[in-house]
Amino acid sequence: MYVFTFVRKDIAINHQIVQACHSALEAGSEFKEAGKIPNLVLLELKDQEHLYNTEDFLKSHGIRFHNFFEPDNDIGHSSITTEPLTKEQKKVLSNFRLWRA
């Protein structure tokens, strides 16, 4: 199983790291499967608009996700993490970019 965390690249790198962690932790609580720890893949998004477009993309493919909202520093919606996906399900995400520092 794989979970995908998407984080906005238009925020400071220290915030990117924290936002991705918040999103993954909250999604882990929401989509928890007893005894199973999925692989985590970190992907990057250009900005908040790209984040919202990605949410629409995930919805259109029936993939549940958790959207993290950061109330501090005027960041807003910053990161999303998918439910655990199988190897077959994750293929629809192949065109997204891996996160790079």
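I looked up E44 and found R97 opposite, in strand 5. The model is predicted: local features need pLDDT of at least 70, side-chain atom pairs count only at pLDDT 80 or more, and totals for chains, interfaces and linings use all residues. Residues are numbered from 1 along each chain as its sequence is written, and side-chain values use heavy atoms, with hydrogens and water left out.

I checked the strand pairing next (at least two DSSP bridges between two strands). Strands are DSSP E runs of at least two residues, helices H or I runs of at least four, both numbered from the N terminus. Strand 2 (residues 39-45) runs antiparallel to strand 5 (residues 97-98), with two bridges. Strand 2 also pairs with strand 1 (residues 2-8), in the parallel sense, over seven bridges. I noted V3 with its bridge partner L40 in strand 2.

I then turned to the largest pocket. A pocket is an open set of 1 Å grid points, over the protein atoms alone, where a 1.4 Å probe fits, with protein on both sides within 12 Å along at least five of seven lines; lining residues have an atom within 4 Å of a point. I read about 270 Å³ for its space, as filled by probe spheres set on the points, which are joined across faces, edges and corners. It has 15 lining residues, and V3, G28, K36, P38 and P84 are the closest to its centre. Helix 1 gives the most, three residues.

Last, I looked up Q16, in helix 1. Q16 counts as buried because its relative accessibility is 5%, and buried means under 20% relative accessible area (1.4 Å probe, protein chains only). Beyond neighbours within four places in sequence, I found Q16 in contact with V7, R8, K9, I11 and W99 (heavy atoms within 4.5 Å).

Terms used:
Buried means under 20% relative accessible area, exposed over 50%, partly exposed in between (1.4 Å probe, protein chains only).
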